Amino acid sequence: MLLLAVKAISEANRAFLAAHEIDVVTSDTVTAEQISEIAISYGWDNRIGEKILAQPHAKLKWIQAQSAGVDYLPLATLKARGINVTNASGLKAEPIAQTVLSYILYFARGLNVYATRQHWEPFTDQYMISELPVLVFGTGRIGQQIAAQIKGFGGTVYGVNTTGREVSGFDAVYPIGNYQEGLAKARVVVDGLPGTSDTANFFDEYFFEQVNELFLFVNIGRGTTLDQQALLAAIDDTRVRFAALDVTTPEPLPLQHPLFERPQILLTQHTSWGEHANFGRTGGLFRLFEKNVPGFVADGQLTHNVVDLDKGY
């Protein structure tokens, strides 16, 4: 069985794969003859991926995505070809959750004011976490970690998911079709939605018309879920006091983009996943991937982090 390693694989990883009779080629070493023989793609390379999918008898059956979101993959084509996808959901949940907590603390404790102040002038318009109820759109692993971080500081956390099913760690959960009750209680909104056709511009003019003096809007989901012009309008007329965006459309933002020009907005340029121990966006990915290897080799079954190709997550 042949695996294409788009992302780096260590010698220890290679030994694990060899024990399961999986040979490894990389994006640099794969030959034209091997393209149709690739059964597993560890990460995704658009250039090589297009060549694989152009082969009618290609053996590709499993793609291990390098991210939680998979909106960059040709999901309809993969479904038609019987190719399964597993994602990296949960891999960076803890650092992302800590980043969200840091956003809240940055603005709540007035650090945004002191970051640029060069004279002595005390600023006391500050908040405790307990004074800022949070509504998190997305109650998966990242959402649950966000809830745990906020609860650790004595906060209140509400969640939004597809059905409104209860999820441990949230004070209440609302269905996405009826989130307004949770929004009315919240001072902070966290967008953790995946990028799908259903979530495109979910946070639009209509959404922001429903808020009044929202303290903070956070996006660590996908840039496509937010209508940035609607957010800017809400910032400008003070319906939203502050915003912290890790993801934007496009990426990277061009120079002099309006999002850079609002002092009320903090941009972290898609780095909320950062951690020193597992450097890089895909650091630690193999530990998720290896959970599925024995089952896949035995009978083609995948049980961990399997993506529903119809839903896109």
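## Strand β1 and its partners

Strand β1 (residues 2-5) runs parallel to strand β3 (residues 38-42), and 4 bridges join the two. Strands here are DSSP runs of E with at least two residues, and helices are runs of H or I with at least four, numbered from the N terminus. Two strands count as paired if DSSP finds at least two bridges between them. This is a predicted model: local features need pLDDT of at least 70, side-chain atom pairs count only at pLDDT 80 or more, and totals for chains, interfaces and linings use all residues. Residues are numbered from 1 along each chain as its sequence is written, and side-chain values use heavy atoms, with hydrogens and water left out.

β1 also pairs with β2, again in the parallel sense, over 4 bridges. Residue A5 has a bridge partner in each neighbour: Y42 in β3 and T26 in β2. Both faces of β1 are covered. L2 and L4 are buried on one side, L3 and A5 on the other. Buried means under 20% relative accessible area, exposed over 50%, and partly exposed in between (1.4 Å probe, protein chains only).

## The parallel sheet

β1 belongs to an open sheet of 5 strands in the order β2-β1-β3-β4-β5, with parallel pairing. The edge strands are β2 (23-26) and β5 (84-86), each pairing on one side only. Neighbouring strands are turned by 25 degrees against each other on average, direction ignored. Axes are lines fitted to C-alpha atoms, for helices over the stretch in contact; angles run from 0 to 180 degrees between N-to-C directions.

Most residues other than glycine have a negative phi, and most peptide bonds are trans. The loop between β11 (240-245) and β12 (265-267) holds P250. The peptide bond from T249 to P250 is cis, with omega near -5 degrees. P252 is found in that β11-β12 loop too. A cis peptide bond joins E251 and P252, at an omega of about -5 degrees.

Q256 lies in the loop between β11 and β12 as well. Its phi is positive, near 65 degrees, though Q256 is not a glycine. At 69% relative accessibility, Q256 is exposed. E213 sits in the loop between α8 (205-209) and β10 (214-219). This non-glycine residue has a positive phi of about 60 degrees. E213 is exposed, at 56% relative accessibility.
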